[in-house]
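Visitor: I am new to reading protein structures. Could you walk me through some features, one at a time?

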Amino acid sequence: MANGNEPVRVLVVDDHELFRRGLTMLLGVEDGIEVVGEASDGAEGTALAVSTAPDVVLLDVRMPKQSGIEACVAIKAASPSTKIVMLTVSDEEADLYEAVKNGASGYLLKDSSIEEVAQGIRVVAEGQSLISPSMAAKLIDEFKTMSRPDRSSGPALKLTERELDVLRLVAKGLSNRDVAHRLAISENTVKNHVRNMLEKLQLHSRMEAVMYAVREKLVELE
């Protein structure tokens, strides 16, 4: 993962050549972002993700040969630390919801400005999510229904009270900055708590941590 002054390494996967090449060109002049490759379908994108190990993959939801969901699953299996952002024409697509359930860090609409895309890439590279409150609520509701009735099978690893405080606020969709303000701690401290939570739970994203915590009843959400 990019850190310090290293650029965020991005792979663009979309079957629409004009859109893909235009996006690649525009991202290429953005500060702190390096496009390491582009692919025209899910299968090619998965292979390229394995060979280039990008920090972030921009992945079209609907593609030939291998769908965006299939590519998302394959890429996360091959490179769990790679963040995936789905590209979509509508945030109402069922495929988009499935992709987020399968490890995508969020989505960007195809009519987003290049500034919004670049900022989204940077945010995801830092470990945050690009998911609307309505989608987050939908995901959390689904995991509530999957909660285990028998707490004896709960996780052996325990989070600290402060980590639980951070997790509860993250689950409500607050950014690191907002969490820091709410708890009167520094933003770096919040980042450290989130990192520690992910390590303890052996997860790879904030959204996965929230889902896991709700499923295991580590937090109670209204």
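Visitor: Is Arg162 buried, partly exposed or exposed?

Guide: This is a predicted model, and in it Arg162 has a relative accessible area of 33%, so Arg162 is partly exposed. Asp165 is partly exposed too, because its relative accessible area is 27%.

Visitor: What do the side chains of Asp165 and Arg162 do?

Guide: The general idea is that side chains of opposite charge can pair when their charged atoms come close. Here, Asp165 and Arg162 meet in a salt bridge, at 3.9 Å from N to O. Both residues belong to helix α7 and are three residues apart, about one turn of the helix.

Visitor: Why does a spacing of three matter?

Guide: An α-helix has 3.6 residues a turn, so residues three or four places apart point the same way. You can see that spacing again with Arg168 and Asp165, which both lie in helix α7, three residues apart. These two form a salt bridge whose closest N and O atoms are 3.3 Å apart. Arg168 counts as partly exposed, at 31% relative accessibility.

Visitor: Which residue forms a salt bridge with Glu163?

Guide: That is Lys200, with the closest N and O atoms 3.0 Å apart. Lys200 lies in helix α9 and Glu163 in helix α7, so this pair ties together parts that are 37 residues apart in sequence. Glu163 counts as buried, at 4% relative accessibility, whereas Lys200 is partly exposed, at 26%.

Visitor: How many salt bridges are there?

Guide: The count comes to nine salt bridges.

Visitor: Now helix α9. How far apart are its end C-alpha atoms?

Guide: Helix α9 has 15 residues, 187-201, and at 1.5 Å a residue it should span 21 Å; its end C-alpha atoms are 21 Å apart, so the two agree.

Visitor: Which residues of α9 are buried?

Guide: They are Val190, His193, Val194, Met197, Leu198 and Leu201. These residues lie on the same side of α9, because they cover an arc of only 135° around the axis. On the other side of α9, Asn188 and Glu199 are exposed.

Visitor: What do the buried residues of α9 pack against?

Guide: Their partners are α7 (161-171), α8 (176-183) and α10 (206-215). Just after α9 comes Gln202, which takes a positive phi of about 55°.

Visitor: And what about aromatic rings?

Guide: A pair of aromatic rings is described by the distance of the centres and the angle of the planes. In this model, a search of the whole structure finds zero aromatic pairs. Still, look at Phe19: the charged end of Lys110 sits over its ring, 4.8 Å from the centre.

Methods:
Residues are numbered from 1 along each chain as its sequence is written. This is a predicted model: local features need pLDDT of at least 70, side-chain atom pairs count only at pLDDT 80 or more; totals for chains, interfaces and linings use all residues. Side-chain values use heavy atoms; hydrogens and water are left out. Rings of Phe, Tyr and Trp (its six-membered ring) pair if their centres lie within 6.5 Å; planes under 30 degrees apart count as stacked, over 60 as edge-to-face and the rest as tilted. A charge sits over a ring if NZ of Lys or CZ of Arg is within 6 Å of the ring centre and within 35 degrees of the ring normal. Helices (H or I, at least four residues) and strands (E, at least two) are DSSP runs, numbered from the N terminus. The expected span of a helix is 1.5 Å times one less than its number of residues. Buried means under 20% relative accessible area, exposed over 50%, partly exposed in between (1.4 Å probe, protein chains only). The arc is that of the directions from the helix axis to the C-beta atoms. Contact means heavy atoms within 4.5 Å. A salt bridge is a side-chain nitrogen of Lys or Arg within 4 Å of a carboxyl oxygen of Asp or Glu.
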